[in-house]
Amino acid sequence: MGHGRRTRVPIGRPRNADADPLDASQADRVRAVLALGGVSQDYLQDGLQQVRLRLLERRARGDEPPRDIGAWAVVVASNLAVDWHRSKERQERVSERLTLLSSPDSGIQDGTEKSLQALAVAEGLDALPAAQRQVLVLRYYADLTVPQIAGHLGIPSGTVKSRLYAAAKLLRDRLHVEEAV
């Protein structure tokens, strides 16, 4: 039984081989970014482990640690979510979210109205082009600044701003149209 996925192999020059490279709040932000990026609940832990692995691989190569590990981790998570999102059918994601929203332990207090709002936002995020969804999630859910997003994604700040503007407009238009129906 001791041969599960949690076996740690010392790599590089770890200060403490058992130390998690991400603290609890960073891990929570990574899971949130993955979920908002469309990753199924079933794969959130795997995504978190991939982010940890990439950080440990950086250490093993002797690369400089990121200046802001939390920001770096959510950008990696966002990229993983884009990859995951591309590989799944849209209907699969909507079905999984609907199942989650209707479960009694989902934490939704006001029942149907909040469930429908959450589903509409999730569907709205799903409908956005991947690049727009990525910057929107990084800005408003991971709370990164425009310069941080630009630096981590390797794109100009103006591109980040234009993607944010376009994403917000599309999301607003979609939610407004659905409200009116």
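This is a predicted model: local features need pLDDT of at least 70, side-chain atom pairs count only at pLDDT 80 or more; totals for chains, interfaces and linings use all residues.
Numbering starts from 1 along each chain as its sequence is written, and side-chain values use heavy atoms, with hydrogens and water left out.

**Overall picture**
- The protein has eight helices and zero strands, with helices (H or I, at least four residues) and strands (E, at least two) taken as DSSP runs numbered from the N terminus.
- Of its 181 residues, 35% are buried, where buried means under 20% relative accessible area, exposed over 50% and partly exposed in between, with a 1.4 Å probe and protein chains only.
- Take contacts (heavy atoms within 4.5 Å) with a separation of 6 or more: 65% of them join residues 24 or more positions apart.

**Nonpolar core**
- A nonpolar core here is a set of buried Ala, Val, Leu, Ile, Met, Phe, Trp, Tyr and Cys residues joined through side-chain atoms within 4.5 Å.
- The largest one has 36 residues, and Val30, Leu34, Val51, Leu144 and Val160 touch the most other members.
- Helices α1 (24–36), α2 (44–61), α3 (69–87), α6, α7 (146–153) and α8 (157–180) each put in at least two residues, and α3 gives the most, with ten.
- Skipping neighbours within four places in sequence, Val160 is in contact with Val135, Val146, Ile149, Ala150 and Ile155.

**Helix α6**
- Helix α6 covers residues 130–141, twelve in total, and reaches 15 Å from first C-alpha to last, close to the expected 16 Å; that expectation is 1.5 Å times one less than the number of residues.
- Its buried residues include Gln132, Arg133 and Gln134 as well as Val135, Leu136, Val137 and Leu138.
- Just after α6, Asp143 takes a positive phi of about 60°.

**Val33**
- Val33 sits in helix α1 and is buried, with a relative accessible area of 2%.
- Beyond neighbours within four places in sequence, Val33 is in contact with Val74, Ala77, Ser78, Ala81, Val137 and Ala142.
- Val33 and Val75 are 42 residues apart along the chain, with their C-alpha atoms separated by 8.6 Å.
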